[in-house]
Amino acid sequence: MYVCLCNALKCRDIKSAAENGARDAASAFKACGAKPRCGRCLEEATRMITAMGAAPAHMVPAE
Ligand code: FES
């Protein structure tokens, strides 16, 4: 299923990015070589990444 129609990103693309360290939608898009356009998918992408156990970026302690 497509998550982002503008960039043709599917669920597996976002999940793969999260498994490889993406902790928010912006880093997931970057990992996929894409940039958000309309932004309609960001809420769903963020929900997927958070559901996979990634803490939202603002909650990850700085190293
Ligand atoms: S649907 Fe993802 S940027 Fe438009």
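Modeller: Let's start with N7, which counts as buried because its relative accessibility is 16%, and buried means under 20% relative accessible area, exposed over 50% and partly exposed in between, with a 1.4 Å probe and protein chains only. Bear in mind that this is a predicted model, where local features need pLDDT of at least 70, side-chain atom pairs count only at pLDDT 80 or more, and totals for chains, interfaces and linings use all residues. Residues are numbered from 1 along each chain as its sequence is written, and side-chain values use heavy atoms, with hydrogens and water left out.

So where does N7 sit? It's in the loop between strand 1 and strand 2; helices (H or I, at least four residues) and strands (E, at least two) are DSSP runs, numbered from the N terminus. Leaving out residues up to four places away in sequence, N7 touches F29, A34, K35, P36 and R37, where a contact is heavy atoms within 4.5 Å. With K35 there's also a polar pair: a polar atom of the N7 side chain lies 2.9 Å from the backbone oxygen of K35. For the record, a polar contact is a pair of N or O atoms within 3.5 Å; within protein, one must be able to donate a hydrogen and the other to accept it, and residues adjacent in sequence count only if both atoms are side-chain atoms.

F29 leads us on to the nonpolar core. V3, L9, I14, A28 and F29 touch the most other members among the 15 residues of the largest one, a core being a set of buried Ala, Val, Leu, Ile, Met, Phe, Trp, Tyr and Cys residues joined through side-chain atoms within 4.5 Å. Strand 1 (2-4), helix 1 (11-19), helix 2 (25-31) and helix 3 (42-51) each give two or more residues to this core. Take A28: not counting residues up to four places away in sequence, it touches I14, A17, A22 and I49.

Now for helix 1 itself, where I14, A17 and A18 are buried. They sit on the same side of helix 1 because they cover an arc of only 100° around the axis, taken from the directions from the helix axis to the C-beta atoms. The buried residues of helix 1 pack against strand 1, strand 2 (9-10), helix 2 and helix 3. R12 and E19 are exposed on the other side, and E19 has 62% relative accessibility. The C-alpha atoms of E19 and I49 are 8.9 Å apart, though 30 residues separate the two along the chain. After helix 1 comes G21, with a positive phi near 110°.

Over in helix 3, R47 and E44 lie 3 residues apart, about one turn of the helix. Their side chains meet in a salt bridge at 2.7 Å, N to O; that term needs a side-chain nitrogen of Lys or Arg within 4 Å of a carboxyl oxygen of Asp or Glu. The structure holds 1 salt bridge. R47 is partly exposed at 46% relative accessibility, and E44 is partly exposed too, at 30%.

Stepping back, the chain has 3 helices and 2 strands, in the order β-β-α-α-α. Of its 63 residues, 27% are buried. Among contacts with a separation of 6 or more, 54% join residues 24 or more positions apart.
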